[in-house]
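Please walk through the model below, helix packing to begin with, then the sheet, the domains and the chain contact.

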Amino acid sequence: MNPMTALGGLGRAVLSLMAAFGRVALFALDAISHILRPPFYPREFGMALLNIGWLSLPVVGLTAIFTGGALALQIYAGGARFNAEAVVPQIVAIGMVRELGPVLVGLMIAARVTSSIAAEIATMKVTEQIDALVTLSTHPMKYLTAPRVLAALITVPALVAVGDVIGIAGGYTVATQNLGFNPATYLKNTVDFLETRDIVSSLVKGAAFGLIAAIMGCYYGMNSGRGAQGVGRATKGSVEAAAVLILAANFVLTGVFFSL
Amino acid sequence: MIRMENVHKAFGDNHVLQGLDLEIPKGTSMVIIGGSGTGKSVALKCILGLIQPDSGMIYVDGKDASKGDRDAFLARFGMLFQGAALFDSMTVWQNVAFRLLRGSLKRPADEAREIAIEKLRRVGLKSDVADRFPAELSGGMQKRVGLARAIAAEPEIIFFDEPTTGLDPIMSGVINDLIREIVTEMGATAMTITHDMSSVRAIADNVAMLHGGVIQWTGPVGQMDASGDPYVEQFISGSAEGPIEAVR
């Protein structure tokens, strides 16, 4: 292949990627500006709080409890290789709060909420419901996007906090029931080892991941193509983009909080 | 009065509107006919600002439709969409009263519900439909709910996009009669897009034939059959022979 052709192809791909980032960034700024300006839609916000927050609790709880339990087993087995089995409470706590809690909740939200938002809005677009909103003097960004983004921004950190606690509880249950740890000592080691910075980082990551999840769902939904295929593509694209951006944001935020 | 002057709109290489000129006098019912993909819906959406024209001007009562208070502008319009476009997550009465439950026309929920039920009655639906969801209704009932929503805030201008598509002939007749009655009763300016010639004859004061991105013929519905325009004649007869290509 001609090197110039390859270079041209690479350039086009980079430009296309940058343009996509630009479009998403403008969409996010627009969505945030609509959160701050009236009119507000409390009913839609309440529904979004319910759908994104409350109804995600079972999947978040189950994910966290199994992950916490598995983490305890892994740390115990790995620690045994160099006589460090006693570190299970500390590593489960730090692992859940700093990394696994926020990331797993973020990915679960991407799977459950981003896909649902994208599919719902894309279907509304395909069936002209978005056009109907406009003709009824209602701004779709204000009515559909702003309540969902605000609800995700508030509820996902709360879900992360719940996931952290349940994950630690999963580790505690396995460690005390199967691995012979003393319950009181386990809890004391967990509480003593965690720092404020760990908890703050967990909640900040939750807010960032919630924002990403809701924005990507709304962006792909609003920009979906026609027909069932358009809805399918929008849904798939939103989950892929949200998952990758959540993992990338996790890397950046971990660097910000813990590399100093 | 609605006036479109030299309106152009293209989607990529597809030049849908190529200098559209159209005038709809106040209080009259204009029906736009034309084949699929000739830009009828695009023209309608350009007036509402759902699609931005590439060039040309659109005036409503002499004022540039692209300028001024958008909410006040849209508050003058009601629209019945092709698939009704009802909001799945809301009950029928909430759909009908959508405009009355929020924004500048907001009223107490009880009052909005009463108005919604009255509008549902106006389109021939019983009050027990009010608390059902759109998915529980037949296509014809959904169209009627869409019509009730379009007239709920008593707009000055009403648009109907393919109001009888997908309905049986009897239900089509019911919808056509309702549209005619409501438009006359409200004194509204109406613009309808349709392929259905029975709708044209039932609804229209004036007819415009859109083809090739421009209006080929326009005139009173009574003159349509004797228009002498080959596009209109072919469209009325449904013949494959004529200036409109059957394969597009």
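Helix α8 (residues 196-222) of chain A and α9(A) pack at an angle of about 155°, their axes 9 Å apart. They are therefore roughly antiparallel to each other, a label for angles over 145 degrees, with under 35 counted as roughly parallel, 65 to 115 as roughly perpendicular and the rest as oblique. The axes are lines fitted to C-alpha atoms, for helices over the stretch in contact, and angles run from 0 to 180 degrees between N-to-C directions. Helices are DSSP runs of H or I with at least four residues, strands are runs of E with at least two, and both are numbered from the N terminus.

This is a predicted model: local features need pLDDT of at least 70, side-chain atom pairs count only at pLDDT 80 or more, and totals for chains, interfaces and linings use all residues. Residues are numbered from 1 along each chain as its sequence is written, while chains are lettered from A and ligands numbered from 1 in the order in which they are written.

Residues of α8(A) in the contact include V204(A), F209(A) and Y220(A). On the α9(A) side, L245(A), N250(A) and F257(A) are among them. Contact here requires C-beta atoms, placed from the backbone, within 7 Å. By class, the α8(A)-α9(A) contact has 15 nonpolar, six polar and two charged residues. Ala, Val, Leu, Ile, Met, Phe, Trp, Tyr, Cys and Pro count as nonpolar, Asp, Glu, Lys and Arg as charged, and the others, Gly among them, as polar.

Now take another partner of α9(A). Helix α4 (residues 88-126) of chain A packs on helix α9 (residues 227-258) of chain A at about 155°, with the axes 8 Å apart. That makes this pair roughly antiparallel. The crossing of α4(A) and α9(A) is right-handed. Their contact holds 15 nonpolar, nine polar and no charged residues.

Turn to chain B. An open sheet of four strands runs in the order β2-β1-β4-β5 (chain B), paired antiparallel. Strands pair if DSSP finds at least two bridges between them. Which strands stand at the edges? They are β2 (14-24) and β5 (63-64) of chain B; each has a single partner strand, so one side of each lacks a neighbour in the sheet.

Five bridges join β1 (residues 2-11) of chain B to β4 (residues 55-60) of chain B. One residue of this pairing, E5(B), has M57(B) in β4(B) as its bridge partner. Helix α1 (residues 40-48) of chain B packs on the sheet, touching β1, β2 and β4 of chain B, and its direction makes about 115° with that of β1(B). Two bridges join β4(B) to β5(B). Y59(B) stands opposite D64(B) in β5(B). The hairpin of these strands, β4(B) and β5(B), has two residues between them, and D61(B) takes a positive phi near 55° there.

Chain B divides into domain 1 (2-76 + 155-237) and domain 2 (90-150), with bounds from an automatic or database domain assignment. Their C-alpha centres lie 25 Å apart. In chain B, 10 residues of domain 1 are in contact with nine residues of domain 2. Helix α6 (residues 169-186) of chain B gives the largest share of the domain 1 side, four residues. That side divides into eight nonpolar, one polar and one charged.

Last comes the contact between chains. It takes 11 residues from chain A and 15 residues from chain B. The chain A side that touches chain B has four nonpolar, five polar and two charged residues.

Note on methods. Left-handed = near helix turned anticlockwise from the far one by under 90°. Contact = placed C-beta atoms within 7 Å.
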